[in-house]
Amino acid sequence: MAMKLSFTTLGCPEWELGLIIRRAAEYGFDAIDFRGISGEMNIYKLPAFAEQARTTKDEIRDAGLRVSCFSSSVHAFSSEKLEQNKAEIEAYAKLCTLFDTPYIRVFGGGIGSTPREEAVAQIVRNFEELGAIAKAHGVKLLLETHDDWTTCADVSAVMRQVDPEAVGVLWDLHHPYRKAGEQPDATWAALGEWIAYTHVKDSIVRPDDSEKFDYCLTGEGDIPLVAMHQLLRDKGYEGYYTFEWEKKWHPTIPDPEVAFPHYVDFMRKLER
């Protein structure tokens with residue numbers, strides 16, 4: 001099976017929808033992961049994904065593309081925002097049904113001073129409600145290896161207690177390795193049975209401060225992306241390799257017109 005490539009719209013914050021679709025097809029992507037358009041992060045609020053959603057679906061399909069995931073802003077740990085989060089998951093789940101999209105990305109979120117065991121219990125309780133909404137629409141929530149839920153130990157503690165038909169794992173290949181010093185085979189050994197999706201990005205440690213890093217073009221940093229891809233392929237992973245180019249949050253990194261085709265070229269060469 002050919003590698004399936006997608007990208008999050010976090011990487012092209014200035015592009016309007018039509019340009020996103022055209023460039024995705026032009027650069028050789030298979031899909032788009034929507035994480036905001038033109039300043040609106042909750043895209044279900046946009047006409048293109050509300051009253052005009054069927055037209056948008058047709059435009060994406062006619063370009064030979066799919067929607068691989070809708071990336072929400074939900075922080076699943078938060079009980080204070082549980083009702084708000086439930087409403088957001090409901091909105092995205094309805095879009096997933098229309099766009100034939102299987103996944104909604106969620107963050108775990110910060111736990112502050114909450115003891116880890118208590119934090120795990122709380123997020124599991126919240127996932128019971130959030131996951132039930134997604135599952136009712138035939139959709140799965142994906143907990144990203146991010147923020148206070150980066151390590152495989154912390155994520156697996158959650159995954160062992162939730163409905164695997166309602167909640168899976170999004171392995172951000174960067175964060176466990178860069179921020180937690182976790183080796184890829186250890187991450188897979190702990191989480192592989194739940195990993196349904198990946199985020200890909202590269203970075204390099206700053207020479208003057210080993211605690212900090214800079215994002216860079218794919219393959220130009222020291223994240224072991226080649227070995228990670230080989231591991232995923234060896235393990236039978238058939239999901240998307242989604243380029244998460246954080247241009248929205250890091251405006252000085254190269255523009256998507258440079259970074260996106262570079263990513264496709266790098267990843268396609270791994271298939272040869």
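# Close-up views of a predicted model

**View 1. The nonpolar cores.** The largest nonpolar core has 85 residues, and those with the most contacts inside it are Phe34, Phe49, Phe70, Phe127 and Phe260. A nonpolar core is a set of buried Ala, Val, Leu, Ile, Met, Phe, Trp, Tyr and Cys residues joined through side-chain atoms within 4.5 Å. Buried means under 20% relative accessible area, exposed over 50%, and partly exposed in between (1.4 Å probe, protein chains only). A second, separate core of eight residues includes Ala31, Cys69, Leu170 and Tyr197. This is a predicted model, in which local features need pLDDT of at least 70 and side-chain atom pairs count only at pLDDT 80 or more, while totals for chains, interfaces and linings use all residues. Residues are numbered from 1 along each chain as its sequence is written, and side-chain values use heavy atoms, with hydrogens and water left out.

**View 2. Surroundings of Phe260.** Leaving aside neighbours within four places in sequence, Phe260 is in contact (heavy atoms within 4.5 Å) with Phe7, Thr8, Gly11, Cys12, Trp15, Tyr27, Phe29, Phe243 and Trp245. Phe260 is also one of the residues with the most contacts inside the largest nonpolar core.

**View 3. Ala93 in helix H3.** Ala93 is found in helix H3, which covers residues 82-99. Helices (H or I, at least four residues) and strands (E, at least two) are DSSP runs, numbered from the N terminus. Ala93 counts as buried because its relative accessibility is 0%. Not counting residues up to four places away in sequence, Ala93 touches Ile104, His137 and Val139. Ala93 and Lys135 are 42 residues apart in sequence, and their C-alpha atoms are 8.8 Å apart in space.

View 4. Ser78 is found in the loop between strand E3 (66-75) and H3. Is Ser78 buried or exposed? At 14% relative accessibility, Ser78 counts as buried. Its contacts, leaving aside neighbours within four places in sequence, are with Asn85 and Asn126.

**View 5. Helix H5 and its packing.** Seven of the eight residues of H5 are buried, so this helix is mostly covered. The buried ones are Cys152, Asp154, Val155, Ser156, Ala157, Val158 and Met159. They pack against H4, strand E5 (140-144), E6 and helix H7 (184-191).

**View 6. Salt bridges.** A search of the whole structure finds 22 salt bridges. A salt bridge is a side-chain nitrogen of Lys or Arg within 4 Å of a carboxyl oxygen of Asp or Glu. Side chains of opposite charge can pair when their charged atoms come close. Arg116 is partly exposed, with a relative accessible area of 29%, whereas Asp154 counts as buried at 18% relative accessibility. In another bridge, the side chains of Glu165 and Lys135 meet at 3.2 Å, N to O. Here too distant parts of the chain are linked: Glu165 lies in the loop between H5 and strand E6 (167-172) and Lys135 in helix H4, 30 residues apart. Glu165 is exposed, with a relative accessible area of 53%, and Lys135 counts as partly exposed at 37%. Arg61 and Asp62 also meet in a salt bridge through their side chains (3.1 Å, N to O), and both residues are exposed. Asp172, Lys201, Glu244 and Glu246 are linked in a network of salt bridges.

**View 7. The cavity.** The structure holds one cavity of 30 Å³ or more. On a 1 Å grid over the protein atoms alone, a cavity is a set of points where a 1.4 Å probe fits but cannot get out, and a pocket is an open set with protein on both sides within 12 Å along at least five of seven lines; lining residues have an atom within 4 Å of a point. Grid points are joined across faces, edges and corners, and a volume is the space filled by probe spheres set on the points. About 40 Å³ of space lies in the largest cavity. Its lining includes Thr9, Leu10, Cys12, Arg35, Met41 and Lys248.

**View 8. The largest pocket.** The largest pocket has a volume of about 200 Å³. Residues lining this pocket include Met1, Lys4, His229, Arg233, Tyr237, Glu238 and Glu271.
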